[in-house]
Amino acid sequence: MPSPLPQRVRDSKVTKLVTAPPATRKRGLDEYILENVEDMTKENMTKENKDTVLDASSMVMEPKQKKHTSDKQNPPIKSLPVVESVNAFPVDKFIDYYVPQHIRDFTISIPRPTTTPTDKGQYDTYSLQIDSSSSIPRADLESCFLLVKLTSSEMYKHSTTGWSPAQKKKEMKLRDMRYMLLVRTSSTAEPEPKKGTEKRARIASGGRDIGGFLSFMVTYEDGIEVIYCYEIHLAPELQHRGLGKILLGYLEEIGRTIRLRKAMLTVFRANESAMRFYERMGYREDEFSPKPMKLRNGNIREYDYMILSKELGSKQTTKSDANNTLDVVW
Ligand SMILES: CC(C)(COP(=O)(O)OP(=O)(O)OC[C@H]1O[C@@H](n2cnc3c(N)ncnc32)[C@H](O)[C@@H]1OP(=O)(O)O)[C@@H](O)C(=O)NCCC(=O)NCCS
């Protein structure tokens, strides 16, 4: 999922929007906000959010009470807008508040493509792990990069954007970027039985198999709060099994949980398979997608990418959504 318009997708900054008390201004504001978010999560939010749903629009950042300081010296901090609030959370809090339990528990067993006789009858089991650009193990980020390179570098090379590994890696490390990783957890002769809701142990990083990933950011696009899908890539043997639909559906669910208005993404027009996929998922050309331009010489310049979006509305997670009966896929 390329984003050829890096300038359009902003790496949101909290610093512009917070009126911090003078005493705390000297320290990093991010640090200050994180401290307060910690307090807020412990004291104010736990009771309302047992079901992992947090309405970020209701979050008001109150400064910590400082001893011997009056209200006049410590004016209240303005409430943080949704995007800044969400991005102020470290990944574990983000998961606690915005990632419904069934997404965290997602697991799927897939028959391994038989390239050697020992592969026959083997199943690979994948589970989902949520990370941020700062928490993702370096080896996993590299695996994600290699997947983008494998599935899409040719498409980039033939586009006006061009293929730049350095640029792509830089984008993948943007501060507010988050990841849904499909991590292979085992290979067995039988599909693994569906697990309960226990938290899966995080397996050691390094050298593990990433079958696919979706990267996203909660950000502003033309002044609107959106969840932006930066990349969605599956290893070739995992494509065309409905997994992309599941990942994109999860992105939308997270967006709804945060109460964002839209899910957005950028796609190369030449990527017909992806265009069909998004269309089936209900995405349409966004009003801000660049329109063809008439050049001075009279020629029309068509952009080689489109911005697609989908209104998220207020669809609630249904029981059947929440039920991981996703052994469907084949
Ligand atoms: C684009 C992508 C994420 C879609 O995910 P996916 O899991 O392959 O998507 P789906 O399985 O839901 O649908 C894709 C195709 O598989 C077909 N399909 C879905 N389930 C299927 C099944 N069980 N058996 C056979 N075909 C199936 C769909 O009909 C669709 O066919 P079409 O493309 O001919 O219309 C994935 O194909 C991919 O990683 N592509 C390469 C990277 C890329 O282009 N990413 C997008 C960048 S913008």
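What follows is a short exchange about a predicted model and the reasons behind its labels.

Trainee: What makes up the protein chain, in helices and strands?
Mentor: The protein chain has 10 helices and 10 strands. Buried residues account for 35% of its 330 residues. Among contacts with a separation of 6 or more, 74% join residues 24 or more positions apart.

Trainee: Which residues is Lys168 in contact with, leaving aside neighbours within four places in sequence?
Mentor: Phe145 and Val148. Contact here requires C-beta atoms within 7 Å. As for Lys149, its C-alpha atom and that of Lys168 are separated by 9.5 Å. Those two lysines are 19 residues apart along the chain.

Trainee: What is the phi of Asp222, and what is that of Arg259?
Mentor: Phi of Asp222 is near 50°. For Arg259, phi is near 70°. Most residues other than glycine have a negative phi.

Trainee: What makes strand E10 largely enclosed?
Mentor: Five of the seven residues of E10, residues 305-311, are buried, so the rest of the structure largely encloses this strand.

Trainee: How do you know that E10 pairs with E6 and E7?
Mentor: Pairing takes at least two bridges. Seven bridges join E6 to E10, and these strands run antiparallel. Between E7 and E10 there are two bridges, also antiparallel. Both counts meet the cut-off, so both are pairs. In detail, Thr266 has Ile307 of E10 as its bridge partner. Arg284 stands opposite Ser309 in E10.

Trainee: What is the strand order of the open sheet?
Mentor: E1-E2-E3-E4-E5-E6-E10-E7 is the order of its eight strands, with mixed pairing.

Trainee: Why are E1 and E7 called edge strands?
Mentor: E1 (107-111) and E7 (284-285) each pair on one side only. That is what the term edge strand refers to here.

Trainee: How do you know that E3 pairs with E2 and with E4?
Mentor: Apply the cut-off of at least two bridges. E2 and E3 are antiparallel over 10 bridges. E3 and E4 are antiparallel over six bridges. Both counts pass, so both are pairs. Asp131 stands opposite Tyr179 in E3, and Gln129 opposite Leu181 in E3. Tyr179 also stands opposite Ser215 in E4.

Trainee: Which strands does helix H6 lie across?
Mentor: H6, residues 138-157, lies across E3, E4 (210-221), E5 (224-234) and E6 (262-268). The helix runs at about 85° to E4.

Trainee: What makes a set of residues a nonpolar core, and how many residues does the largest have?
Mentor: The members must be buried, of nonpolar type, and joined through C-beta atoms within 7 Å. The largest such core has 62 residues. H8 gives the most to this core, with eight residues. Residues with the most contacts inside the core include Met180, Ile227 and Leu247. In soluble globular proteins, nonpolar side chains tend to be buried together.

Trainee: Which residues does Met180 touch, not counting those up to four places away in sequence?
Mentor: Leu128, Ile130, Phe213, Leu214, Leu247 and Tyr250.

Trainee: Which residues of helix H4 are buried, and what covers them?
Mentor: In H4, residues 91-98, the buried ones are Phe94, Ile95, Tyr97 and Tyr98. Their cover includes helices H3 (82-88), H5 (101-104) and H8 (243-258). Strands E2 (123-132) and E3 (178-188) are also among the covering elements.

Notes
Residues are numbered from 1 along each chain as its sequence is written. This is a predicted model: local features need pLDDT of at least 70, side-chain atom pairs count only at pLDDT 80 or more; totals for chains, interfaces and linings use all residues. A residue is buried if 20 or more other C-beta atoms lie within 10 Å of its own, exposed if 12 or fewer, and partly exposed in between; C-beta atoms are placed from the backbone. Helices (H or I, at least four residues) and strands (E, at least two) are DSSP runs, numbered from the N terminus. Two residues are in contact if their C-beta atoms, placed from the backbone, lie within 7 Å. Axes are lines fitted to C-alpha atoms, for helices over the stretch in contact, and angles run from 0 to 180 degrees between N-to-C directions.
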